[in-house]
Amino acid sequence: MEKNKDKAGMTENPELAAEFAAMQAALNETPETEGAATDETPHLKLERERFKGRDNGVSYWGYYVRGRMFGEEVRATLKLSADDSRGYKLLDLFYTAKGGADLYAIPYARKDEATGRIMRGHSYEVQTTDEDGELLTVRIYPSKASDKSVLEYLFRKAAKGVAV
């Protein structure tokens, strides 16, 4: 009840109403990305390779995307969040059942309540569909800042239709 009163107060105050309208317009500029991506949606092919763990010598799968920058092959290494170790099982399943998966950049916009600024960026998801056409996704992150730079570059090239 109190929340609705605050909303009404925001739209009655001209300054708050203008700020709210600007924030809403900025959020509406971000394309909807719910559901399966289309063939026109820029994406990168997720690849994987085996590596040995440092401490125990156990083999793991490492995930990455690759492309070309200034005529050289570059790679962006990807990882799951530390609390999502089961996500690796899903990625392995994508590879065994479907032969791989695609990586998509999912745009977002959110307002920083402290400063009032609208922050934009991308999160990254690996997507594939099952035999019934149901979308399966796993959120994934660049391993390092340099991986993020390479990833952003490759997505910009893919959006322009340039082969990466």
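**View A. Helix α4 against the strands.** Helix α4, formed by residues 145-159, lies across β1, β3, β4, β5 (102-111), β6 and β7. Its direction runs at about 50 degrees to β3, with axes fitted as lines to C-alpha atoms (for helices over the stretch in contact) and angles taken from 0 to 180 degrees between N-to-C directions. Helices (H or I, at least four residues) and strands (E, at least two) are DSSP runs numbered from the N terminus. The model is predicted: local features need pLDDT of at least 70, side-chain atom pairs count only at pLDDT 80 or more, and totals for chains, interfaces and linings use all residues. Residues are numbered from 1 along each chain as its sequence is written, and side-chain values use heavy atoms, without hydrogens and water.

**View B. The open sheet.** In the order β1-β5-β6-β7-β4-β3-β2, 7 strands form an open sheet with antiparallel pairing; two strands pair if DSSP finds at least two bridges between them. β1 (43-45) and β2 (47-52) each have a single partner strand, so one side of each edge strand lacks a neighbour in the sheet. From one strand to the next, the twist averages 45 degrees.

**View C. Strands β4 and β7 with helix α3.** Strand β4 (residues 72-79) runs antiparallel to strand β7 (residues 135-142), and 2 bridges join them. Lys79 has Tyr141 of β7 as its bridge partner. Helix α3 (residues 86-98) packs on the sheet and touches β2, β3 (59-69), β4, β6 (118-129) and β7, where contact means heavy atoms within 4.5 Å. The direction of helix α3 makes about 125 degrees with that of β7.
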